[in-house]
2 protein chains.
Amino acid sequence: MDYVFSNRIASLQPSIIREILKASSGHNVIPFSAGNPAAETFPVEVISSFTQEILTQDPVAALQYGVTEGYSPLRETLKVQLKERFDMGQPQDDLFIVSGAQQGIELACKVLCNEGDTIICESPSFIGSLNSFRSSGARLVGVPMESDGIHIEMLEQALKTEKNVKLVYLIPSFQNPTGITTSLEKRKAVYTLAKKYGVMILEDNPYGELRFKGTDVPTIKSMDDEGLVIYVGSFSKVLSPGLRVGFVLAPSEVMQKMVVAKQGEDVHTAMLPQILAHKFMTEYDYQGHIESIREIYRRKCTLMTEHLEKLMGDSITYTNPDGGLFLWCSLPESVPMLEYCKTAAAKGVAVVPGTAFLVQENEPCNSFRINFSTPSDEQIVKGIEILSTV
Amino acid sequence: MDYVFSNRIASLQPSIIREILKASSGHNVIPFSAGNPAAETFPVEVISSFTQEILTQDPVAALQYGVTEGYSPLRETLKVQLKERFDMGQPQDDLFIVSGAQQGIELACKVLCNEGDTIICESPSFIGSLNSFRSSGARLVGVPMESDGIHIEMLEQALKTEKNVKLVYLIPSFQNPTGITTSLEKRKAVYTLAKKYGVMILEDNPYGELRFKGTDVPTIKSMDDEGLVIYVGSFSKVLSPGLRVGFVLAPSEVMQKMVVAKQGEDVHTAMLPQILAHKFMTEYDYQGHIESIREIYRRKCTLMTEHLEKLMGDSITYTNPDGGLFLWCSLPESVPMLEYCKTAAAKGVAVVPGTAFLVQENEPCNSFRINFSTPSDEQIVKGIEILSTV
């Protein structure tokens, strides 16, 4: 049979990162291309003992169908913590649980965008989100990143001239792929523009807890008096990504539509992971655990940047992030980036070509993304050595 | 802010069943409205010990990111078992893991249907699927059910006259909501029509293992030499619905697109539940466990039908299913169905009005769905007594 696919899917390609991850897994390749949390950050013993408790004390809660909005105690705990720690959540907001932040991102697009509607995003931006928007049939417009966040004048220009803009998608803290943190001033400016043009903001904050330098910048959601911001968070980087638990804080009216859409996608998020996340937040030293993760990433990031500086400081530029998992390295114009990445892979180091993160993959780009959370310390040292010889 | 939602979502309402479930949970209502497996079927002890083994022997596999296609050993085991036990799977097919069968259904629609394209479904049909199709913007056309499955002549008429038909959606075994099993003859006829009109079949088989009477009828997928059938299965009714693990067997080319779409929805299905499902299939008496579930449902269904016959046999008609979880009861024309359901709820028995399962909720319908897996034996007896007095 000749299969004819929907327009939104027909042209979509698998994520380059996922494909690279698949191709390099199990092989002898240094995985600078990945975005996995360091396995040493997983609190295995406490997950194991909590799981036993759950399956002994209330197995039916963990194994039976649940409601689409998610496990109530987890929702309540998150609402309280987001308010107390980050001043997020107004009376008009509500929170529900998703199967990883990716689902929150996809649902926001699904409920707000018709096919052909526009989403403005940072350029470069997270390929997983871009592909998710594409598979909903949204049209993407990229606005360049500067060292302190999205280019504000160009954002306003896009809001003014592009048709049917429904969302501005941002990763304000330790952005993927650049590692850049948007300044408070720019966060305020983005919010003001969204209000002015009546467009919602999708604030994606998977790395927010992973600050290992400097001080927190308030989230855009914490400024949201008008109900303009859909905020997406995740347990993937602080507990475990394999459990697939994230959450969405959004105006109730928007949340209700997202819940209906989620119902049609997976009914609800797996219960055992939700109950685990709740116990992790309430019966464990959550703050101490996060501090230990920050310490690990502080060490790994420093190791990587020190070696980059020593071996490649003269030839490339790179971001020096205050948190998160990624560095963004830019080659001199004379070096063809895709060739460089291919040669690096052939020499045993996988990095992600910067073009993967663009709205149009054929735009000029001389950068690549590297990750310091997945490789071991030894691999970081060896990998940078290899990159310096490419 | 005045929120403007996408066309596909704006008109969508939450599933009536889910809402009833929410409203009746924790209250003193007899839950004939639910579709939950009996909690006594959950193999709690073995899930608990398997979980311990997983988190001791290979915690990183359970907690780290996985590939979108799913946990390889589970995929391989399922492929072998589906082939050996049900003769399903041709060289052109492949299998991947989804976060419950619902996701497989949603993805099939997403990759094949543009907004406005048509899906033909049985009428009545499973409301979760209908709402999922609606939230993708598909147009639904219902074809009436007969006692041995979909009305074949009317199906052909619909295939001939409806525009842009992309899928025929069927639940051939112990259908939700009717409990009807499509005859082998009709399965063959549906397949022949799909081939003739070049339309794919979405075969949803969540209850296939729950036969407690009679002999298995071959799946439509087992006849699929032409690569026309997307087959969706689930662990929800044989292991646990809260774990959210299902699978899709489909032509590889279609599966690849579904995997790309899944990537944008939840990256991958939670790993711990996938590894649990694999251990359940390979290190446990899977067949013995299924036989014990069948025994429970045989008893519960018999209890329900015996009491129905005794107390209401003169006033209503009902299906007598060979498996699954549901009975479909039809009132005499003189009794207004919605009034009946409301009065039943007021008297403490929740049933689902048949209109919930129609493509157009305002079509005439004098039936309601009742479930025998969720209520206790006592509740079944008491609930039927109450229904007989309404």
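In chain B, residue B:L170 stands opposite B:E203, which belongs to strand β7(B). The two strands that run parallel here are β6 (residues 165–170) and β7 (residues 200–204) of chain B, joined by four bridges. Strands (E, at least two residues) and helices (H or I, at least four residues) are DSSP runs, numbered from the N terminus, and two strands pair if DSSP finds at least two bridges between them.

The model is predicted, so that local features need pLDDT of at least 70 and side-chain atom pairs count only at pLDDT 80 or more, while totals for chains, interfaces and linings use all residues. Residues are numbered from 1 along each chain as its sequence is written, chains are lettered from A and ligands numbered from 1 in the order in which they are written, and side-chain values use heavy atoms, with hydrogens and water left out.

Strands β6 and β7 are part of an open sheet of eight strands in chain B, whose order is β2-β9-β8-β7-β6-β3-β4-β5 and whose pairing is mixed. At its edges are β2 (93–98) and β5 (149–150) of chain B, each of which pairs on one side only. Within the sheet, strand β3 (residues 118–123) of chain B is mostly covered, with six of its six residues buried; buried means under 20% relative accessible area, exposed means over 50%, and partly exposed lies in between (1.4 Å probe, protein chains only). β3(B) is joined by six bridges to strand β4 (residues 139–146) of chain B, and these two strands run parallel.

Helix α5 (residues 72–86) of chain B lies across β2 and β9 (246–251) of chain B, and runs at about 130 degrees to β2(B). Helix α10 (residues 252–266) of chain B also packs on the sheet, where it touches β2, β7, β8 (229–234) and β9 of chain B, and its direction makes about 20 degrees with that of β2(B). Contact means heavy atoms within 4.5 Å, and axes are lines fitted to C-alpha atoms, for helices over the stretch in contact, with angles running from 0 to 180 degrees between N-to-C directions.

Helix α5(B) has a helical partner as well, for it packs with helix α11 (residues 271–282) of chain B at an angle of about 40 degrees, the axes being 9 Å apart. The two helices are therefore oblique to each other, since angles under 35 degrees count as roughly parallel, over 145 as roughly antiparallel, 65 to 115 as roughly perpendicular and the rest as oblique. Where they meet, α5(B) contributes B:P73, B:L74, B:T77, B:L78 and B:Q81, while α11(B) contributes B:Q274, B:A277, B:H278, B:M281 and B:T282.

B:Y65 is found in the loop between α4 (59–63) and α5 of chain B, and counts as buried because its relative accessibility is 18%. The side chain of B:Y65 is joined to that of A:K237 by a polar contact of 2.8 Å; such a contact is a pair of N or O atoms within 3.5 Å, and within protein one must be able to donate a hydrogen and the other to accept it, residues adjacent in sequence counting only if both atoms are side-chain atoms. In chain A, A:L228 is found in the loop between β7 (200–204) and β8 (229–234), and is buried, with a relative accessible area of 3%. Leaving aside neighbours within four places in sequence, A:L228 is in contact with A:Y191, A:A194, A:K195, A:M200, A:I201 and B:M1.

Chain B has another open sheet, of four strands in the order β10-β11-β14-β13 with antiparallel pairing, and its edge strands, β10 (317–318) and β13 (352–353), each pair on one side only. Two bridges join β10(B) to strand β11 (residues 326–330) of chain B in the antiparallel sense, and B:Y318 has B:C329 in β11(B) as its bridge partner. Helix α12(B) packs on this sheet, touching β10, β11 and β14 (367–371) of chain B, in a direction that makes about 15 degrees with that of β11(B). Helix α12 spans residues 286–312 of chain B and includes B:T305, which counts as buried at 10% relative accessibility. Not counting residues up to four places away in sequence, B:T305 touches B:Y318, B:N320 and B:L327.
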